[in-house]
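Let's take a friendly walk through this structure, one region at a time. Have the sequence and the model at hand as you read.

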Amino acid sequence: MTLRLGDIAPDFEQDSSIGTIKFHEYLGDGWGVLFSHPADYTPVCTTELGLTAKLKGEFEKRNVKAIALSVDDAESHKGWINDINETQNTTVNFPILADGDRKVSQLYDMIHPNASETVTVRSLFVIDPKKKVRLIITYPASTGRNFDEILRVIDSLQLTDNYSVATPGNWKDGEDVVIVPSLKDEAVLKEKFPKGYKAVRPYLRLTPQPNK
């Protein structure tokens with residue numbers, strides 16, 4: 001199965017480090033980040049999970065729940081979590097799915113046979129409150145993810161869902177944004193963007209971030 005942006009994220013029930021997870025129920029009415037790891041007790045994954053734990057407050061501010069996945073079993077996860085906590089000086093505060101049967105990996109197309117027939121690549125999905133897939137990033141197994149970028153994209157998605165704007169390249173929360181080209185009525189522009197805007201070109205109009 002190949003997932004595309006805008007698809008409904010497949011629901012599933014699977015064992016995890018904290019017991020059985022019913023995915024859509026677990027996410028509730030918030031956002032979710034589902035990300036996979038090739039195996040337990042692997043060095044890059046250990047750093048990623050430690051970093052995710054340390055970012056708990058940042059995820060909570062955005063109403064996001066993180067959930068990881070590895071093809072090892074739940075008991076192995078629990079031992080690995082002890083290592084993560086000790087080596088990364090943190091406390092893992094989110095579940096790790098135990099995907100020994102590859103059920104979730106197959107639902108989310110996380111196994112790429114030309115890379116490895118048995119373990120997942122570093123897939124990551126951002127899922128919105130309507131359970132739609134909003135971001136898909138796939139890294140090779142050897143490259144750790146940039147979680148600052150994940151948070152940046154979530155900030156952009158949450159902003160652009162609520163305002164008639166898009167975010168330019170390298171945008172960060174608090175910086176100017178772009179007014180969508182479809183919005184042309186001057187009266188509407190003044191109402192929506194009381195701080196004004198700068199028209200660099202008729203199609204390129206910059207305005208201060210509306211919710212700041």
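Keep in mind that the model you are looking at is predicted. Asn-89 sits in the loop that runs between helix H4 (74-88) and strand E5 (96-98).

You will find Asn-63 in the loop between helix H3 (56-61) and strand E4 (64-70). Its relative accessibility is 44%, so Asn-63 counts as partly exposed.

Now turn to Cys-45, in helix H2 (residues 43-54). An unreviewed UniProt entry annotates Cys-45 as "active site". Is this residue buried or exposed? Cys-45 counts as buried, because its relative accessibility is 1%. Setting aside neighbours within four places in sequence, Cys-45 is in contact with His-37, Pro-38, Ala-39, Trp-80 and Arg-122.

Finally, look for the open sheet of 4 strands, whose order is E8-E9-E11-E10 with antiparallel pairing. Its edges are strand E8 (165-166) and strand E10 (198-201), each of which pairs on one side only. E10 pairs with strand E11 (residues 204-207) over 3 bridges, in the antiparallel sense. To see one of the bridge pairings, find Ala-199, whose partner in E11 is Arg-205.

Definitions and conventions:
Residues are numbered from 1 along each chain as its sequence is written. This is a predicted model: local features need pLDDT of at least 70, side-chain atom pairs count only at pLDDT 80 or more; totals for chains, interfaces and linings use all residues. Side-chain values use heavy atoms; hydrogens and water are left out. Two strands pair if DSSP finds at least two bridges between them. Helices (H or I, at least four residues) and strands (E, at least two) are DSSP runs, numbered from the N terminus. UniProt positions are given in the numbering used here, feature names are shortened, and annotations may be inferred rather than shown by experiment. Buried means under 20% relative accessible area, exposed over 50%, partly exposed in between (1.4 Å probe, protein chains only). Contact means heavy atoms within 4.5 Å.
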